[in-house]
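Please look through the sequence and the model shown here before reading on. The report takes up confidence, helices and sheets in turn.

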Amino acid sequence: MNVADALKILGLDKNPSPSQLKSAYKKLALEFHPDRNPGDPEAEKRFKEIVIAHETLQNPKRSATRATPRGRKSARQRGEYEELWEDIFSHIFKNAREPADEDKVASLDLHAQVEVTLEELTRDSEKDVAVSRRVRCASCGGRGSEAGARRSACPACKGAGEVRYRQGLAELWIPCSACDGSGEHAGETCRDCAGGGVTNRRENLRVAVPAAIKEGAQIRIKGKGDEDARAGEAGDLIVTVRANPHPVFRREGNDVVLDLPVSFSQAALGHEALVPTLKGAQKIKIPAGTQSGREFRLKGEGLSPAGGRNTGDMRVRVIVETPTKLGERQREILDEFQRISSPANHPKARAFQEKMKSLLK
Ligand SMILES: [Zn+2]
Ligand SMILES: [Zn+2]
């Protein structure tokens, strides 16, 4: 690398002062430092150029002076240096990659459940969910160090602000990424977060549950997952909707189904029944001769999703109950009823008898 290229890479004018060179180098080397760009080949390339540019400007004559005693051209030794530098770089990049790969696996998203009743699903509602989330530590503001603690020498670079790598005759100085090249350690480790910058906090979070939302649906609340104070980012809270079973109603799509038991005499004679709906009790007329399993539909009394489209119905399904534990008098009456019944009273039974006859012929 020649001096002109090196100046261009570091963004410097001709003949920079040592302090200009140092500060330009520090800023760029930290920006493209492999610790901060793990596994980024573009950043690795820039980083190498920056380090070599700095090396070239710091020691513009080094290759030449070392080459002269034996009267050789410097090109060969330059090549040797570059090989040694490559060894140093591969060591730095390998160190940067290994811890970062482990961190990446952990997701910041949190999961929770919210239980809703059928009544709550008739309208948009709000529910509280209790979650334990990792949030920025209040004691240290996420820095991981005690506020006001005395600054001490950075343990990674022993206060130098730079780390020196040596391989044979080659030596490279890289700004320390642990302390931003300052050489200072950011004080004592915060007791509340053990230096991690985040603490666990139980929080009640309000979740908006839309009307008629489906069982198992997921509601995502942006930014309410775990926080990563260092990276300044937060995951999402993902809330799964669980429907509480209702004592009498059953949900089918947006319809609400109710099984209504009626006595066989009510079904035969006709009956006016008071049935519950999601909006209060309502009377329905069960006409004389109603068969078991017949459904009565109350239009629009089901669930209504936002926008009012696809509103469901309430379906009342009649279940005719056969009487049990008959008293003597009841038995007499039913005996008599049976005697005076005609086939016309039971058209289904009659049709069945006819089929039987033809089968058994
Ligand atoms: Zn803390
Ligand atoms: Zn340091």
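## Basis and confidence

This is a predicted model, in which local features need pLDDT of at least 70 and side-chain atom pairs count only at pLDDT 80 or more, while totals for chains, interfaces and linings use all residues. Residues are numbered from 1 along each chain as its sequence is written, and chains are lettered from A and ligands numbered from 1 in the order in which they are written.

The pLDDT, which is the predictor's confidence in each residue on a scale from 0 to 100, has a mean of 87 over the chain, and 90% of the residues reach 70 or more. Residues 63-73 stay under 50, and the model has nine contacts for them beyond four places in sequence, a contact being a pair of residues whose C-beta atoms, placed from the backbone, lie within 7 Å. The pLDDT is also below 50 over residues 100-105, a stretch with two contacts beyond near neighbours in sequence.

Helices (H or I, at least four residues) and strands (E, at least two) are DSSP runs, numbered from the N terminus. Helix 3 has 18 residues and reaches 26 Å from its first C-alpha to its last, close to the 26 Å expected at 1.5 Å a residue, where the expected span is 1.5 Å times one less than the number of residues. Its buried residues are Phe 47, Ile 50, Val 51, Ala 53, His 54, Glu 55 and Leu 57; a residue counts as buried if 20 or more other C-beta atoms lie within 10 Å of its own, as exposed if 12 or fewer do, and as partly exposed in between, with C-beta atoms placed from the backbone. The cover over these buried residues of helix 3 includes helix 1, helix 2 and strand 5 (170-175).

A nonpolar core is a set of buried Ala, Val, Leu, Ile, Met, Phe, Trp, Tyr and Cys residues joined through C-beta atoms within 7 Å. The largest one has 16 residues, of which Leu 10, Tyr 25, Leu 28, Ala 29, Ile 50 and Ala 53 touch the most other members. Helix 1 (3-9), helix 2 (18-31), helix 3 (41-58) and helix 5 (75-105) each supply at least two residues of this core, and helix 3 gives the most, with five. A second, separate core of eight residues includes Ala 212, Ile 213, Val 256 and Val 316. Leaving aside neighbours within four places in sequence, Tyr 25 is in contact with Leu 10, Ile 50 and His 54.

## The two open sheets

Two strands are taken to pair if DSSP finds at least two bridges between them. An open sheet of three strands has the order 1-11-8, with mixed pairing, and its edge strands, each pairing on one side only, are strand 1 and strand 8. Strand 1 (residues 110-116) pairs with strand 11 (residues 237-243) in the parallel sense over seven bridges, and Gln 113 stands opposite Thr 240. Strand 8 (residues 218-221) runs antiparallel to strand 11 and is joined to it by four bridges, with Thr 240 as the bridge partner of Gln 218.

Four strands form another open sheet, in the order 12-13-17-16 and with mixed pairing. Here strand 12 (249-252) and strand 16 (295-298) are the edge strands. Strand 16 pairs with strand 17 (residues 314-321) in the antiparallel sense over four bridges, and Leu 298 stands opposite Met 314.
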